[in-house]
Amino acid sequence: MRNNAEEIPSGGIGIKLISKIADELSYTRTSEGRNCLLIVKYFQLDLMPTQPTTQLGYFKQAIHVLNAFNLPFHKQRIGSFHRSCHQQIKTINLQLNTDLKSVAQVLWWVEELDYLRIPEAVLQQCKLATIEGFTNAVRHAHKNLPLETPINLEITVFNERLEVNIWDMGEPFDLQAKLIEELPIIWNDLGFTLD
């Protein structure tokens, strides 16, 4: 056995979790013949942590404080356009083989975002959704593909949202139908629809 995919519970747990985290969710076929899972999460910027925690090192706390003091001057120089939800802050990329053992590397990679002013809850949800998206690509999209088949991940952080893109080489599937199949009560009772 090349990985422990069989040990991970099945039954749509990953897609259920991702759909609860995401504010927007899509799965589309690209012109290059790949599939792209897009997870979008909106947030409001924290100017500085409301309660510094011991989990943040002294250096990170100092950066948050300096950023909070520097923000008004930065806004005066550049104007209010930077507060736009469309202002890109950072993009990170990672390419991995089809191997569940790479989950630790995905977690380490996402930690590159720890120093940004993303609310902690949103950052943790981003990490969880990225891991779930990656493991779904390994378990389902790449189930019968060679270990060397790449999975590409990209996270782009904007002023008030982040986008996680996960590209796989598997057969496309209908995300809307899968969500309706896996989450019929949630989608019907709350009146949500997927367009």
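So, disulfides: there are zero in this structure, and keep in mind that we're looking at a predicted model. Cys 36 has a relative accessibility of 8%, and since the cut-off for buried is under 20%, Cys 36 counts as buried. Cys 126 comes out at 3% relative accessible area, so that one is buried too.

Okay, the overall layout. The protein chain has six helices and five strands. Reading from the N terminus, the order goes α-β-β-α-β-α-α-β-β-α-α. If you look at contacts with a separation of 6 or more, 68% of them link residues 24 or more positions apart.

Now the inside. The chain has 195 residues, and 43% of them are buried. The largest nonpolar core contains 37 residues, and the members touching the most other members are Leu 113, Ile 118, Ile 155, Val 157 and Leu 162. The top contributor is α4, with nine residues. In general, nonpolar side chains tend to be buried together in soluble globular proteins.

Let's zoom in on Ile 118. Leaving out residues up to four places away in sequence, Ile 118 touches Phe 43, Leu 113, Leu 123, Val 157 and Leu 162. Among those partners, Leu 113, Val 157 and Leu 162 are also on that list of core members with the most contacts to other members.

Conventions: Residues numbered from 1 in each chain as written. Predicted model: local features only at pLDDT ≥ 70, side-chain atom pairs only at ≥ 80, totals over all residues. Heavy atoms only, no water. Core = buried A, V, L, I, M, F, W, Y, C linked by side-chain atoms within 4.5 Å. Buried < 20%, exposed > 50% of the residue type's maximum accessible area, 1.4 Å probe, protein only. Helix = DSSP H or I, 4+ residues; strand = E, 2+ residues; numbered from the N terminus. Contact = heavy atoms within 4.5 Å. Disulfide = S-S within 2.5 Å.
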